[in-house]
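The reader may wish to keep the sequence at hand while following the text.

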Amino acid sequence: MDKIPVAGLVLLLGVDRFANEARAVTNLIGNGVATLVVARWENALDKERARRVLNGERVPPVASSGVPAIESTPA
């Protein structure tokens with residue numbers, strides 16, 4: 001039975017680490033795109049709010065009813 005060369009095994013493990021990170025980024029992007037596609041399909045995407053959030057603007061949180069919630073401020 002042949003032995004696996006240590007140098008080859010180290011090379012495979014090094015490449016697998018970067019491949020795993022690439023898979024994680026791909027999954028993150030895919031999940032984000034799928035979320036936007038389904039929200040648009042269900043007519044639940046607020047394009048103006050999404051634009052403001054992606055531009056880094058401060059927007060009030062949305063209540064579960066879809067109506068913006070009133071922010072409470074400490075007295």
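Predicted model: local features only at pLDDT ≥ 70, side-chain atom pairs only at ≥ 80, totals over all residues.

Asn43 belongs to the loop between helix 1 and helix 2.

The backbone of Asn43 also deserves attention. Its phi is positive, at about 55°, although Asn43 is not a glycine. This residue with positive phi follows helix 1.

## Helices and overall surface

The secondary structure of the protein consists of 2 helices and 0 strands. Helix 1 covers residues 6–41, whereas helix 2 covers residues 47–54. Helix 1 contains 36 residues, and the distance from its first C-alpha to its last is 52 Å. That span is close to the 52 Å expected at 1.5 Å a residue.

The protein has 75 residues, and buried residues make up 3% of them. Its accessible surface is about 7,200 Å². Carbon and sulfur atoms account for 64% of that surface.

## A nonpolar patch

Which residues make the nonpolar surface patch of about 350 Å²? The patch is made by Val25, Ile29, Val33 and Val37.

Val33 lies in helix 1 and is partly exposed, with a relative accessible area of 48%.

## Salt bridges

The count of salt bridges in the model comes to 4. One of them joins the side chains of Asp16 and Arg23, with a distance of 3.6 Å from N to O. This pair qualifies because the nitrogen and the oxygen must lie within 4 Å. Both partners are partly exposed: Asp16 has a relative accessible area of 41%, and Arg23 has a relative accessibility of 44%.

A second example is the salt bridge between the side chains of Glu48 and Arg51, where the distance from N to O is 2.4 Å. How many residues apart are Glu48 and Arg51 in helix 2? They are 3 residues apart, so about one helical turn separates them. Glu48 is partly exposed at 42% relative accessibility, and Arg51 is likewise partly exposed at 37%.

## A network of charged side chains

The side chains of Arg52 and Glu57 also meet in a salt bridge, at 3.3 Å from N to O. Arg52 counts as partly exposed, with 29% relative accessibility. Glu57 counts as partly exposed as well, with 37% relative accessibility. Salt bridges with shared partners connect Glu48, Arg51, Arg52 and Glu57 into one network.

The placement of these four residues on the accessibility scale follows from its limits. Each counts as partly exposed because the values of 42% for Glu48, 37% for Arg51, 29% for Arg52 and 37% for Glu57 fall between the buried limit of 20% and the exposed limit of 50%.

Conventions. Residues numbered from 1 in each chain as written. Heavy atoms only, no water. Buried < 20%, exposed > 50% of the residue type's maximum accessible area, 1.4 Å probe, protein only. Helix = DSSP H or I, 4+ residues; strand = E, 2+ residues; numbered from the N terminus. Patch = residues over 30% accessible without salt bridge, like charges linked within 9 Å, V, L, I, M, F, W, Y side chains within 5 Å. Areas by Shrake-Rupley, 256 points an atom, 1.4 Å probe, with all protein chains shown as cover. Expected span 1.5 Å × (residues − 1).
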